Amino acid sequence: MKLNADILDWPKVPVAQVYGRLTRVNGLLLEAVGCQLGTGDRCYVECRDNHLVEAEVVGFYKDTLCLMPIEPTNGLMPGARVMPIEGRCQIPTGLGLLGRVLDGLGQPLDDLGCIKHLPHVPLQFKSINPLLRKPIRDPLDVGIRSINALLPVGRGQRLGLFAGSGVGKSVLLGMMTRFTEADVVVVGLIGERGREVREFIEESLGEEGRKRAVVVAAPADTTPLMRMRAMRLCHHIAAAYRDQGKQVLLLVDSLTRYAQAQREIALSLGEPPATKGYPPSAFAQLPSLVEMAGNSQHPTGTLTAFYTVLTEGDDQQDPIADSARAILDGHIVLNRKLAEQGHFPAIDIGASVSRLATQVAKQSSLEQGQWFRHLNSRYNEVKELLPLGGYQAGHDAEMDMAVRSYPQMAAFLRQATHTQADLTSSLSALEQLVSQMGFTLSTGQQ
């Protein structure tokens with residue numbers, strides 16, 4: 001018997017659909033049996049009215065799978081069907097993604113149409129051979145005078161913005177979004193207030209900034225797994241643009257919320273808490289995430305990342321802040337006392353450092369910055385004595401210079417929200433200021 005050629009082209013119909021059953025709901029955790037799934041695999045859980053909720057396998061115990069839903073669950077019932085999802089998770093990429101706002105699943109939150117026509121790549125990451133990473137040599141202009149002049153940043157560097165709540169992290173992040181020289185800006189708003197998403201897009205990005213930006217948002221009311229998925233998604237999107245040869249800036253607010261999401265999942269699985277309630281897996285996830293940023297082997301593409309780190313109670317020894325400080329290429333500390341004085345951006349120059357300053361800045365600029373920081377530190381030694389009359393001029397010439405120069409130093413560190421200070425003008429202003437403060441380039445002394 002001869003088969004019809006058209007019949008051979010028909011799609012193959014599966015003989016049966018294999019699914020499991022939901023056996024238990026324990027807080028954030030769902031338990032199911034009957035599915036052959038591994039950790040990281042995805043599935044659908046059937047709810048009332050045939051509504052399907054996507055979940056991910058985060059662990060197992062004997063034959064029982066531990067699932068974590070990506071979306072809020074309502075109407076779960078005992079014995080509900082659990083259906084595996086075939087294939088890996090795909091994420092959108094390409095220049096057509098610019099100007100869009102996505103959730104943690106890569107689905108659009110705006111009303112600008114579907115993105116299914118865009119090229120998609122698997123949501124997976126391979127470690128980069130450290131010997132193949134392109135060295136960081138080129139300076140990056142972030143548009144902030146104090147950072148450009150005193151904390152030089154290189155293309156491909158990863159830095160943290162450390163501060164407590166309400167000190168100006170998000171405002172500083174918005175200034176960098178508008179002013180930094182980059183082809184593509186990827187913004188991750190992870191675990192923050194929902195109202196900040198629209199405010200950031202309309203006020204911080206603006207119409208022009210949005211044309212070159214991709215925003216991934218997972219507010220605080222989303223599930224822990226959605227927040228973690230959103231964090232990985234913004235890194236993958238940024239890395240995809242980097243590997244296309246683009247100059248990419250990744251801004252994440254905040255790294256602490258990502259660690260807290262991992263803590264919620266790990267504690268639900270029964271992992272013992274270690275430091276201040278954080279289980280060991282929360283600290284193990286941070287290096288693997290941060291290493292996704294930075295330069296790769298691509299000759300022209302770069303990926304510079306800024307992460308905000310929430311220091312609870314302004315405690316710089318907070319476990320997440322301490323861990324992040326160890327794995328990042330520098331940290332910028334925001335001081336609450338400066339913010340209370342109306343000093344913005346409230347950057348504590350003495351407590352901040354860029355570990356790649358010597359690789360991206362000229363020696364003359366480094367010496368001028370060191371002299372500025374030195375006099376600023378000398379002033380801080382006596383600033384509390386000045387209102388009380390406890391400091392008498394004439395005993396220490398260097399201290400006298402610091403006290404006289406402080407108004408000029410404070411004015412140099414201040415910057416209005418909508419005022420841009422490019423790299424050239426920042427270095428020129430620093431050189432002019434330190435020359436007035438008795439600095440001599442040949443000796444570095446007064």
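Visitor: Which residues does threonine 177 touch, not counting residues up to four places away in sequence?
Guide: In this predicted model, threonine 177 has its place in helix α3, which covers residues 169–179. Leaving aside residues up to four places away in sequence, the contacts of threonine 177 are Val185, Phe200, Leu205, Arg212 and Leu251.

Visitor: Is threonine 177 buried or exposed?
Guide: A residue counts as buried under 20% relative accessible area. Threonine 177 has a relative accessible area of 2%, so the residue is buried.

Visitor: Over the face of which residue does arginine 178 lie?
Guide: The distance to consider runs from arginine 178 to the ring centre, and it is 5.2 Å. A charge sits over a ring if CZ of Arg is within 6 Å of the ring centre and within 35 degrees of the ring normal.

Visitor: Over the face of which residue does arginine 81 lie?
Guide: Arginine 81 is placed at 5.2 Å from the centre of the ring in question. That ring belongs to tyrosine 19.

Visitor: Are the rings of tyrosine 379 and tyrosine 406 stacked or edge-to-face?
Guide: A search of the whole structure gives three aromatic pairs. In the pair of tyrosine 379 and tyrosine 406, the centres are 3.8 Å apart and the planes stand at 10 degrees. Planes under 30 degrees apart count as stacked, and those over 60 as edge-to-face. The pair of tyrosine 379 and tyrosine 406 is therefore stacked.

Visitor: Which helices does this pair link, tyrosine 379 with tyrosine 406?
Guide: The two tyrosines are 27 residues apart, and their pair links distant parts of the chain. Tyrosine 379 is buried, with a relative accessible area of 11%. Tyrosine 379 lies within residues 363–382 and tyrosine 406 within residues 397–413, which are helices α11 and α12.

Visitor: What span does helix α6 reach from its first C-alpha to its last?
Guide: Helix α6 runs over residues 255–268 and has 14 residues. At 1.5 Å a residue, the expected value is 20 Å. The span in the model is close to that expectation, at 20 Å.

Visitor: Which glycine follows α6?
Guide: Among the buried residues of α6 are Tyr258, Gln262, Ile265 and Ala266. After the helix comes a glycine with a positive phi, near 90 degrees. This residue is glycine 270.

Visitor: What percentage of the residues of the protein count as buried?
Guide: The protein has 13 helices and 18 strands, and its C-alpha trace spans about 105 × 50 × 40 Å along the principal axes. Of its 446 residues, the buried share is 51%.

Note on methods. Residues are numbered from 1 along each chain as its sequence is written. This is a predicted model: local features need pLDDT of at least 70, side-chain atom pairs count only at pLDDT 80 or more; totals for chains, interfaces and linings use all residues. Side-chain values use heavy atoms; hydrogens and water are left out. Helices (H or I, at least four residues) and strands (E, at least two) are DSSP runs, numbered from the N terminus. The expected span of a helix is 1.5 Å times one less than its number of residues. Buried means under 20% relative accessible area, exposed over 50%, partly exposed in between (1.4 Å probe, protein chains only). Contact means heavy atoms within 4.5 Å. Rings of Phe, Tyr and Trp (its six-membered ring) pair if their centres lie within 6.5 Å; planes under 30 degrees apart count as stacked, over 60 as edge-to-face and the rest as tilted.
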